Each structure stands twice: as C-alpha cells, then as structure tokens.
Amino acid sequence: MGLAISSNTVFAEDATTGASSANDSGNGLIGLSKVEDGSVVSNMHTAKWRLFTDKAREFFLQGKLDEAEKLFLSALEEAKEGFGQRDPHVASASNNLAELYRVRRAFDKAEPLYLEAINILEESFGPDDIRVGTAAHNLGQFYLGQRKMEKARLNYERALKIKRRVLGYGHSECADTMYHLGVVLYLQGKERDAEALIQDSIKMLEEGDEGESIVCIRRLRYLSQMYLKSHRLADAEMVQRKILHIMELSKGWNSLDTVVAAESLALTLQASSNIKDSKELLERCLNARKALLPGDHIQIGGNLLHLARVAMLDSSQHKKLDVSRAKDDLDVARDHLHNSIRIARQCLGKLLKQKDRSKKYSAPGDSRKERHTALIILLQSLNTLSSVEFAKQELQETQEGNINLEAQEALLQCISVYKEFAHDKSIADSPEIKNEYLSCLKRAQNLLGNYKLDEVLGNQKDFQKLNQKS
C-alpha cells in the first residue's frame, strides 16, 4: 500500500489581515485604498479584483479550471492596477493562480508565481511574518507534489519556524506544517525524525479537541502505514485500534468508514498471527457490508478473499493435529473464494458494458479505479484458490506425480482473466496486477512445464517481458 500525500488546495491568505481566504466570505478592501506610492486610486480595479477572485474560486471548486484560470489571471491584473505591482494583494492573486497551475500540473507556470508571492510578502511585512510562513508552506506543498524533497523540506522548515514563533507551538497551523514536514522526512528516509513530527502533530490536534477530526484520522492512518512498511506490527496495531475506536464512537458500524478501519486492523492482526481476532473482525466487516451494500459489491468480494486466507491459516495450524478439521477449513476457504471470484467477474462484466456510456457521464478515472480493484481481487482469488487446491492435495496425500486439475484450472483462469480484462495500459502496467499475474504464470509454469504453458499463452513474450520488469 502506498503512502498518500495530501494535495488539498490552499488559497492565499488575505493580504492585509492574514485570515485564510479559503474561508473568506468576501471581506476584501473595497473602496478607496492607498497604494505604496501614497496616491489614492478608484475602487474600480479593487472591486474587480475581489469579484474575479471570488468567482474564480467558485469555478475552481466546481472543477471548471479553464474558466477559473481566466478569472484568476484577470484578478492578478486588476490587483496590479488597483493596488500596485508590489502590493500584498498581488501576492495573494499570484498564489491563487499558482495553486490552480499546481492542480493542472503546469509546474513551470506555478513556481515563479509562488516565488513572486513570497518576495512581495517579505518586502511588505518582513521575512518572519505569518503570511510569509503560509506562503512558504504552500511552496513546500508544491515541491512535495513534484517529489523535490529537499526544496520541500527547506520551505516547510521555514514555515514551521515562523508559525511556532507567531502562533505558538500548539496551534493547528503548526501541526499542519509539522505533519507535512514529517512526510517529507519520511520520504527522505529519515524515519525517526518523521515519526516524532507526525506524532507531535497528532498530539496537538488531540489536545485541541480535534482528535476525532478527519484530518487527525488521516494522519493516524499515515502513521500506521509507516509502521506497517517498517514491519512494526505492534505499533501499527495500536494506532489502528485507536482509529477504529474513534470511528466506532463517531460513526458506528452503520458506516463503511468504520468497516474499512476494522478491516485494516484485521489484516494487521492476521500478519501478526492473531488469527482468531482477525477472523472475528473480518466476519463482522462482512456482515456490516452485506447490510450496507448490494450483494454483488466488490467490497464484499474483497472481504471474502481476506476470510479465505484466514481459513487457510486455520487449516495450516490444524493439519498436524486434526486433518479432518484442516480439510473443513480449506472447504470454507474454497467456498469464500468461489463467491469472491463470482462477484469480481460480475463487477468487471458490468464495468465493461458501462464503459462507453460512462465516457459521457462520469470521470474515466473512477471507472478505471473500480476495474483495477475488481481485477486485482479476481486475480488474487484465483491464485489463492490454486493454493487451496494444492493444500487439499497435500492433506489427501495424493500421489505426487498426479497433476492437480483443480489448481491447474484456477491458474489457467487467472491467465485468461488477465488477457480478457487488462486492456488499459494503466491497468495492465499496475505493479500490483503485474506481480499477481507473474506469480500466476510462474506457478503455472511449475505445474504445466514450459511447453504446455507456451501453448496456453500462444508464445512466451508476455512471460519474458513480465519477468524482466519484476
């Protein structure tokens, strides 16, 4: 699982008060204003600046980026005309336009605007003003999004230093910059420093009565993912139990957010060999999903796959003392997998039928994500089914020379499914899907031999390419 990075858009602060313009309802400087040369100008340009800025934000939030860009450009020109070239309002307008370009990934246009905004604010208020700190945070976020880690680190460190001095150590704005700095340090390989910063940012939110907020939960999830990647399962379990406790209190089990939190904990318990508690949680998740979702929803398929793997672990524990019980466990796993495979196939079939229509009515990325999820669950279920069949063969002490036809069928279906559904390059090239398919091919090669596998594939170019990339 990759570690997510926040990409929230942060519009510039009000240039005169430092209040966040993202929450500003329009209290701009409308009326006669003195610019830096001391002259008085008409309110026409300043009024237009406010009007264009507010309307541009509306378009931006609606996803109408072309319209937003035109208005943000106009707002910048009106700010220059109405307030003067080096006025803080120009810095605000520059930052807003830079944020739009960042979202559009027009990085070459965004960077000079961010830098210009900081320069103007430094000239107007000094290098340690809170508005400079906010602008430095935005620039750090810009560099983080491009994985320019050292530049991101320097800007976040500057922002944090300013915010701590002006706002105080426990302020939520300090916690925000502290968290992002922790993310940068983690991605730079400085795990201990990153952990301390992220833990402190969470503690600040908790002490400020924001411990149950979405922001705090996201940070706790990131921390748990860090622990999982470092194989610190006990630490990950502790954080995930905390997340689940918050979700149970705030949303209850009638929320899929609670179910997802419980499932994450269950998988960590499974990795820690706490099979009993993992199974109980996964069964509760399945029951909740069946109550909240259609019976053929892909989340139910994924839940069944997890339960099948737990049943296999149960079988492995029982086979030395109770072969009959171990066989029953494998039968349970097989039933779960057959249902998971059925659900994933149905989901992929529906998504393919809707593909042409969805181009008109929904974002392509949504459908692609659903297909990716369904395909990985289908491939993993078929691969796991082959493992179940091999395990059953071992328990039945079947002659080694006999080919396991059930396992063979599952692996051949895995190959067929990949060819049938992995049309989009973005899906076929997904590391998760590629690795699962490669695992299936290798197992099929061991079972069938090169000659038979060559017949199945038509040729071995697929296998060779995947092998080279793995």
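**Exercise 1. State what share of the chain's residues count as buried, and describe its secondary structure and contacts.**

Step 1. Of the 470 residues, 48% count as buried, where buried means under 20% relative accessible area, exposed over 50%, and partly exposed in between, with a 1.4 Å probe and protein chains only. The model is predicted: local features need pLDDT of at least 70, side-chain atom pairs count only at pLDDT 80 or more, and totals for chains, interfaces and linings use all residues. Residues are numbered from 1 along each chain as its sequence is written, and side-chain values use heavy atoms, with hydrogens and water left out.

Step 2. The chain has 20 helices and two strands; these are DSSP runs numbered from the N terminus, helices being H or I with at least four residues and strands E with at least two.

Step 3. Contact means heavy atoms within 4.5 Å. Among contacts between residues at least 6 apart in sequence, 64% join residues at least 24 apart.

**Exercise 2. Find the residues with the most contacts inside the largest nonpolar core.**

Step 1. A nonpolar core is a set of buried Ala, Val, Leu, Ile, Met, Phe, Trp, Tyr and Cys residues joined through side-chain atoms within 4.5 Å.

Step 2. The largest such core has 85 residues, and Trp253 and Leu281 have the most contacts inside it. Helix α7 (residues 172-187) gives the most to this core, with nine residues.

Step 3. Leaving out residues up to four places away in sequence, the neighbours that Trp253 touches include Leu244, Val259, Ala262, Leu281, Cys285 and Leu292. Glu248 and Arg284 are also among them.

Step 4. A second, separate core has 40 residues, including Ala311, Ala410, Ile427 and Leu448.

**Exercise 3. Describe how α7 and α9 are placed relative to each other.**

Step 1. Two packed helices are described by the angle between their axes and the distance between the axes.

Step 2. The axes of α7 and α9 (residues 214-229) come within 12 Å and cross at roughly 20 degrees; axes are lines fitted to C-alpha atoms, for helices over the stretch in contact, and angles run from 0 to 180 degrees between N-to-C directions.

Step 3. Therefore α7 is roughly parallel to α9, since angles under 35 degrees count as roughly parallel, over 145 as roughly antiparallel, 65 to 115 as roughly perpendicular and the rest as oblique.

Step 4. On the α7 side, Ala175, Asp176, Tyr179, Val183, Tyr186 and Leu187 meet Arg219, Tyr222, Met226 and Lys229 of α9. By class, this contact has seven nonpolar, no polar and three charged residues; Ala, Val, Leu, Ile, Met, Phe, Trp, Tyr, Cys and Pro count as nonpolar, Asp, Glu, Lys and Arg as charged, and the others, Gly among them, as polar.

**Exercise 4. Decide whether glutamine 380 is buried or exposed, and name what it touches.**

Step 1. Glutamine 380 is found in helix α15 (residues 364-396).

Step 2. Its relative accessibility is 14%, so glutamine 380 counts as buried.

Step 3. Not counting residues up to four places away in sequence, glutamine 380 touches Leu305, Arg309, Glu432 and Glu436.

**Exercise 5. Locate arginine 105 and histidine 231, and give their phi angles and accessibility.**

Step 1. Arginine 105 lies in the loop between α3 and α4 (107-125), whereas histidine 231 lies in the loop between α9 and α10 (233-250).

Step 2. Phi is near 65 degrees for arginine 105, a positive value in a residue other than glycine. For histidine 231, phi is near 60 degrees, again positive in a residue other than glycine.

Step 3. Arginine 105 is exposed, with a relative accessible area of 59%. Histidine 231 counts as exposed at 68% relative accessibility.
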